[in-house]
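Biologist: Could you take me through this protein? I would like to begin with its disulfides and then turn to a pair of helices.

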Amino acid sequence: MRFQIMALLATLLLLAAAMPASASDFVNRDQVVPSKTLPPCAQVSVLLVDYDKNQPMPTTVPADLAYECLLTIPLNITSAKAILFEIPLYMNWQSTLDVLKDPPAEYVEKVQPPVDILAGLETISADLDSGAITNDYEFGWRLYQLLVQAHDGHLAYVLDVVGGVFQFTRPFPLVSVSEDGSKLPAVFAYYDILGTQFKNITYTPSPIVKIDDIDVNFFLEELSQVGSLQDRDALYNNLFYNLAQISLGSSGTATGMFSGGGRARYVPLQANTTFEFANGSISLVPNTARTYIDFTNVTSGEALRKKVVYGEAFSNIPRTPVPVDPGTKRSEDGRVPDLIAATPVGYPVPVVPGPYNLINGFYIDQPGYEDVAVLVVPSFVSNAYAEVPFQAAGKKFLEKAWNDGKTKLILDVQANGGGTILQGYDLFRQIFPDSDPYGGNRFRYNPAFDLIGQTLSDFASQYSREEGLSNYTLKGVQSSYFDYHTDTNAEGEPFKSWGEKRGPYDVNGNNYSAISRWNLTDVYIAYQGGINVTERSNNTWWRPENVVLLTDGYCASTCSIFAELLTQEVGVKTVALGGRSNSNKIQAVGGVKGANVFQWSFIQSYCEQAIGINDTLQDSVLKEYKASRATDRAWAYGINVRDAVRRGDDSGVALQFKYEEADCRLYFTPEMTVSAVAIWKAVVDAQWIDSSKCIGNGGYYSPHDRRATQGKTTSLRPAHGQMQSAQAREQFQAFESTFSIETERQHHRNGFMQP
C-alpha cells in the first residue's frame with residue numbers, strides 16, 4: 001500500500017540519452033544485476049562502483065532499489081528528537097503558522113486544506129516514541145510530507161537522507177494540451193507532440209487515459225500536491241514540460257515534476273510506471289534514481305548513513321549552481337564571463353538579451369503583431385553577478401521598444417519562482433515610472449524576533465545612518481529590518497521606535513508586527529537588494545490597459561510581489577495558461593505570496609549577532625538558536641518570515657490566503673509546447689482582439705467536477721511523412737537535448753523560492 005501511495009507522488013528528471021520515435025517503444029539499457037542476497041545499498045554499490053567495465057559507466061539505478069536502500073538507513077532517535085526540538089524554534093518565525101491551522105473558508109474550498117504544523121511535529125515525535133518510525137529516511141520523509149502541506153515555497157526542511165542521496169525520475173515527460181485551444185486539454189507523451197510539430201512520425205498520437213491503472217487526471221492532480229506551489233491549477237501545470245522552465249536550465253523544474261523536476265526529485269518511486277493510451281496500447285517505463293554520492297565501500301544502510309550524516313558524501317556536489325546555459329559565451333580575454341547565454345529552445349532570438357536568460361526582450365515578427373513587445377522574465381535573479389545586468393537589460397529593452405513604436409507590452413513571467421525582491425520593485429517602476437509601489441509586509445511576533453530587533457535598533461541608534469557606510473559591521477545592522485530606521489510604516493513615514501514597529505498588534509486573534517514598507521530611497525537600499533531602484537519620474541510609457549501579465553500559475557515570491565503591484569496599483573490585466581482539464585477560471589498567481597524568505601542559518605546568525613552586542617542575552621531564548629544544529633543535516637531549509645498585505649485592506653488577511661482569478665485563461669496547444677511566439681500571439685488575440693477566446697468566456701461547456709471530463713479525450717491530427725529539412729531535424733534535436741536537464745539545489749536569497 002505504501003508503494004501505491006508513493007506512486008502517486010512525483011520524481012526528478014534525467015531522461016535517457018535517446019528516446020524512441022514512439023512513446024510506447026521505451027526500452028531501458030541493460031545493467032549489471034547484483035546478487036539479491038546483498039543488502040539493498042550494497043546492490044546499489046555494485047551497480048555504481050563494481051559495474052561491468054565492458055559496459056558504459058552507469059549513472060542511475062532502479063528506483064525501487066534506491067528506495068529499499070534508503071529504508072535501511074538506521075534511525076538515531078536521540079538525533080531525531082534533537083531535530084524535533086529545534087524545528088519549532090524556526091517555525092515560530094513562519095508568518096502564516098497560525099492561519100494555516102484555520103485558513104479563510106474560500107482558501108479551504110478552492111486552494112488547500114488546513115494544516116497544523118506544530119501538532120504534526122508532535123505526532124511525529126509520538127511515533128518515534130512508539131516505534132512506528134523505524135528508520136532515518138522515514139523520519140525525514142515524514143517531516144517533508146508535513147511541511148509540504150503548507151504549500152509554501154518558502155517553507156522547507158529537507159533532511160539530508162531525503163534530498164541528498166538519490167534523485168528519482170520517470171524518464172517520460174508529459175504535456176497537457178488542447179487540440180484547438182477550445183476543447184478540453186488531454187495528456188500526451190511530449191515526445192509524441194514533438195513528432196507532430198516536426199512531422200517525424202506517421203502515426204496519430206493517442207492521449208494517455210490511465211497511469212498505473214488510475215485515471216490520468218486523478219493521478220496527476222494527486223501527484224501535483226507534492227509541489228511547492230499552492231494553487232491546484234498551477235501545481236498541475238508544473239507537472240509538464242514547459243519552455244519557460246527549460247530556459248532556466250538547472251535552476252528550473254527541468255522537464256516537469258512528473259518526470260522528476262523540482263521538488264518531485266525527492267519523492268521515491270516504484271520500479272515502473274505503466275501508461276494506458278486511449279487507443280488501447282500500454283507502455284511500461286522503468287523508473288530510475290540518480291545519485292552524486294560515491295558508493296565505494298557502501299555495504300549497508302549504516303555505512304551510507306555515516307557518509308551522509310558526517311558530510312563526506314557531499315564534498316563534490318555543486319550546491320549553489322549558477323543557471324548558465326552550457327553554450328554561454330565568454331569574453332575575448334577569457335577572464336570575464338559574458339552573461340548572455342544561448343537562446344533557449346522554443347524562443348526566437350531576443351531583440352535585447354539579458355543575463356543567463358533570466359530576462360530577454362522580444363518582438364513578434366509576424367503580420368498583425370508589429371506593435372507588440374514581449375519582456376520575458378522567468379526569474380528575478382537571486383544571483384549577485386546578474387543583478388545589475390538584469391536591471392540594465394530591462395531598461396534597455398523597454399526604452400528601445402517604446403522608441404520603436406511598440407504600443408502593447410506582454411510581461412511573460414511563466415516559471416518565475418521569485419528572486420531578488422528589489423528587482424520586482426524596480427521593473428515595476430521602470431514600466432510605470434510615476435508609481436509609488438506599496439508592498440506592505442509584516443512579521444509574525446515571537447520573543448526572539450523582539451529581542452533581536454530591540455538589540456540591533458538600540459545599537460544602530462548610537463550612530464548616524466551614514467556612519468555605517470564605511471563600517472561593515474554597522475552597515476549590516478543598519479541595513480537590516482531589525483533597525484527600525486531602515487524602512488517606513490504603511491503611510492510611508494519613518495517609524496519612531498522599535499516598539500512602534502514591533503507591536504505586537506492583534507490581527508484576527510494573532511500577533512504581528514506593524515505593516516512596514518521598503519524605503520526605496522534609504523542610503524542602504526543598494527546594499528540590501530543589490531541595486532538602486534529606478535527613481536520616480538513624470539514619464540509615461542505604456543498605459544495599464546496596453547500591458548498584460550502572462551503567467552502559467554508558477555508565479556511566486558518576488559514574482560507575486562511584482563504581480564500585486566501591477567494588478568492592484570495600476571490595474572494591469574492578467575492571462576493565465578493551462579490548468580486542470582476543465583473550463584473553469586484559474587488563478588494567475590499560484591505560488592507563495594509571502595514577501596520574504598530567511599534561511600534558518602540567517603535567523604541563527606541574527607541571534608548570534610544580538611548576543612555579541614548584548615551578552616546579557618546569553619541566557620535568553622536566543623541561546624537555543626545559537627546552539628542549534630538542525631541545519632547541519634538539512635539539504636534545504638527556509639522560512640517565510642513576512643506576510644504580504646494589500647494597500648487599504650482592513651481584513652488583515654495575508655495575500656497568501658486570498659483567492660484571485662486571472663482576467664483570462666487560455667489552454668496550452670501543441671504548438672505552444674515548442675513555440676513561445678505561439679503563446680504570445682494567443683495572448684494578443686485574447687487580450688486585445690477577441691476576449692471570447694478566454695476559457696470561461698464562451699467555451700464549449702463548464703464541467704464542475706471530474707466526472708464531466710471522463711471519456712472526452714482528444715486526438716491530434718497525424719503528421720504525414722518524415723522531416724524534410726535539416727532545419728527541422730536540428731530543431732527536433734535541440735528539444736531532445738533538453739531532456740537531460742536536472743533540477744539542482746538552490747540557496748535562498750531575499751524573496752527567492754527554490755524550485
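**Disulfides and a helix pair**

Modeller: The torsion about the S-S bond of Cys555 and Cys559 is about -105 degrees, so this disulfide is left-handed. Please keep in mind that the model is predicted.

Biologist: How far apart are the sulfur atoms of Cys555 and Cys559?

Modeller: The S to S distance between Cys555 and Cys559 is 2.1 Å.

Biologist: Are Cys555 and Cys559 buried or exposed?

Modeller: Cys555 counts as buried, because its relative accessibility is 0%. Cys559 is likewise buried, with a relative accessible area of 0%.

Biologist: How many disulfides are there by this rule?

Modeller: The count comes to three disulfides. With bonded cysteines counted along the chain, their pattern is 1-2, 3-4, 5-6.

Biologist: What does Cys41 pair with?

Modeller: Cys41 is joined to Cys69, with an S to S distance of 2.0 Å. The torsion about their S-S bond is about 95 degrees, so this disulfide is right-handed. Cys41 lies in helix α2 (residues 40–48) and Cys69 in helix α3 (residues 63–70), so the pair ties together parts that are 28 residues apart in sequence. Both cysteines, Cys41 and Cys69, are buried.

Biologist: And which residue forms a disulfide with Cys664?

Modeller: Cys664 forms a disulfide with Cys694, and their sulfur atoms are 2.0 Å apart. This link is left-handed, with -105 degrees about the S-S bond. The pair links distant parts of the chain, 30 residues apart: Cys664 is in strand β24 (residues 664–666), while Cys694 is in the loop between α24 (676–689) and α25 (726–737).

Biologist: What are the relative accessible areas of Cys664 and Cys694?

Modeller: Cys664 has a relative accessible area of 4% and is therefore buried. For Cys694 the value is 3%, so Cys694 is buried too.

Biologist: Let us change topic. At what angle do α15 and α16 pack?

Modeller: Helix α15 (residues 387–403) and helix α16 (residues 421–431) pack at about 15 degrees, and their axes are 10 Å apart. The two helices, α15 and α16, are therefore roughly parallel to each other. The crossing in which α15 passes α16 is right-handed.

Biologist: Which residues in α15 and α16 meet?

Modeller: On the α15 side they are Glu387, Phe390, Gln391, Gly394, Lys395 and Leu398, and they meet Gln423, Asp426, Leu427, Gln430 and Ile431 in α16. The residues of this contact divide into four nonpolar, four polar and three charged.

Notes
Residues are numbered from 1 along each chain as its sequence is written. This is a predicted model: local features need pLDDT of at least 70, side-chain atom pairs count only at pLDDT 80 or more; totals for chains, interfaces and linings use all residues. Side-chain values use heavy atoms; hydrogens and water are left out. Axes are lines fitted to C-alpha atoms, for helices over the stretch in contact, and angles run from 0 to 180 degrees between N-to-C directions. Helices (H or I, at least four residues) and strands (E, at least two) are DSSP runs, numbered from the N terminus. Angles under 35 degrees count as roughly parallel, over 145 as roughly antiparallel, 65 to 115 as roughly perpendicular and the rest as oblique. A crossing is left-handed if the near helix is turned anticlockwise from the far one by less than a right angle, and right-handed if clockwise. Contact means heavy atoms within 4.5 Å. Ala, Val, Leu, Ile, Met, Phe, Trp, Tyr, Cys and Pro count as nonpolar, Asp, Glu, Lys and Arg as charged, and the others, Gly among them, as polar. A disulfide is a pair of cysteine sulfur atoms within 2.5 Å. Buried means under 20% relative accessible area, exposed over 50%, partly exposed in between (1.4 Å probe, protein chains only).
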